[in-house]
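Let's take a walk through a protein model together. Keep the structure open and look for each spot as it comes up.

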Amino acid sequence: MKRIIVPILTVLMMSFIFFESSLPADLSARQSGFLAKLLGQFGTDEVTFWIRKAAHFTEFAVLGLLLSFLFERITFKQIQRDSARVLLKRILAFLTGAFYGATDEIHQLFVPGRSCELRDVGIDAAGVLFGVMIGSFFLFLAARRAINDEKGKNNLSQST
């Protein structure tokens, strides 16, 4: 059961991004304006703009985090060095997320009032990169903990 959680969460996040990108421009703008009002602003165009860009970044940061966990499961046995395997996994997670961001922008060409913007592809890619970096940090901590736990078990078995 545990092995299926990350793939399901990844697909759900991708679906959420697709759904949000499928909203017509007027509905999407109303969502951003509503959030601006909740934050104490009165829906100025500049505040709404930054909320929209922060949403892009955040959605894709979560996707990058999930993709880093998902790609961690791939073994790449043909690659001998552990560091090369880890780097390849992170690069693949980033490229997958960045590609999804690009296809998401293309998808918006077909949504009323929406457009495909290169700036948004960059924001999406930056979010993915941030998420992959956060995921890498958590995976590093987990690996370090596993090594320390293993050392503790070995020390315990040697002392008895």
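## A lysine tucked away

K53 is buried, because its relative accessible area is 10%, and buried means under 20%. Bear in mind as you look around that this is a predicted model.

So where does K53 sit? You'll find K53 in helix α3. Leaving out neighbours within four places in sequence, K53 is in contact with E117, R119, D120 and I123. Take D120: K53 and D120 are 67 residues apart in sequence, yet their C-alpha atoms are 7.5 Å apart in space.

## The overall layout

Now zoom out. How many helices and strands does the protein chain have? It has 5 helices and 0 strands, so reading along the sequence gives you the pattern α-α-α-α-α.

The protein chain has 160 residues, and 31% of them count as buried. Now consider contacts between residues at least 6 apart in sequence: 71% of these join residues at least 24 apart.

Is E59 buried or exposed? With a relative accessible area of 16%, E59 is buried, because the cut-off for that is under 20%.

Not counting residues up to four places away in sequence, E59 touches M13, F16, I17 and E20.

## The nonpolar core

Which residues make up the largest nonpolar core? There are 11 in all: M13, I17, F60, L63, L66, L67, F71, A93, Y100, V128 and V132. The elements that give two or more residues to this core are α1 (2-22), α3 (45-71), α4 and α5. Helix α3 provides the largest share, with 5 residues.

I17 is a handy core member to click on. Setting aside neighbours within four places in sequence, I17 is in contact with E59, F60, L63, Y100 and D104. Of these, F60, L63 and Y100 are listed in the core too.

## Helix α4, end to end

Here's a quick check you can follow yourself. Helix α4 has 27 residues, so at 1.5 Å a residue it should span 39 Å. The C-alpha atoms at its ends are 39 Å apart, which agrees.

Which residues of α4 are buried? They are R85, K89, R90, A93, G97, A98, Y100, G101, D104, E105, H107 and Q108. I106 also belongs to α4, but I106 is partly exposed, with a relative accessible area of 45%. The C-alpha atoms of I106 and C116 are separated by 5.6 Å, and these two residues are 10 apart along the chain.

## The second largest pocket

Last stop: the second largest pocket, which holds about 360 Å³ of space. The elements that give two or more residues to its lining are α4 (82-108) and α5 (118-159).

The lining has 14 residues, and those nearest the pocket's centre are E72, R90, L139, A142 and A143. What kinds of residues line this pocket: nonpolar, polar or charged? The lining divides into 7 nonpolar, 2 polar and 5 charged residues. One of the residues nearest the centre, R90, is also among the buried residues of α4.

Key: Residues numbered from 1 in each chain as written. Predicted model: local features only at pLDDT ≥ 70, side-chain atom pairs only at ≥ 80, totals over all residues. Heavy atoms only, no water. 1 Å grid on protein atoms, 1.4 Å probe; cavity = no way out; pocket = protein on both sides within 12 Å on 5 of 7 lines; lining within 4 Å. Points joined across faces, edges and corners; volume = space filled by probe spheres on them. Helix = DSSP H or I, 4+ residues; strand = E, 2+ residues; numbered from the N terminus. Nonpolar A, V, L, I, M, F, W, Y, C, P; charged D, E, K, R; others polar. Core = buried A, V, L, I, M, F, W, Y, C linked by side-chain atoms within 4.5 Å. Buried < 20%, exposed > 50% of the residue type's maximum accessible area, 1.4 Å probe, protein only. Contact = heavy atoms within 4.5 Å. Expected span 1.5 Å × (residues − 1).
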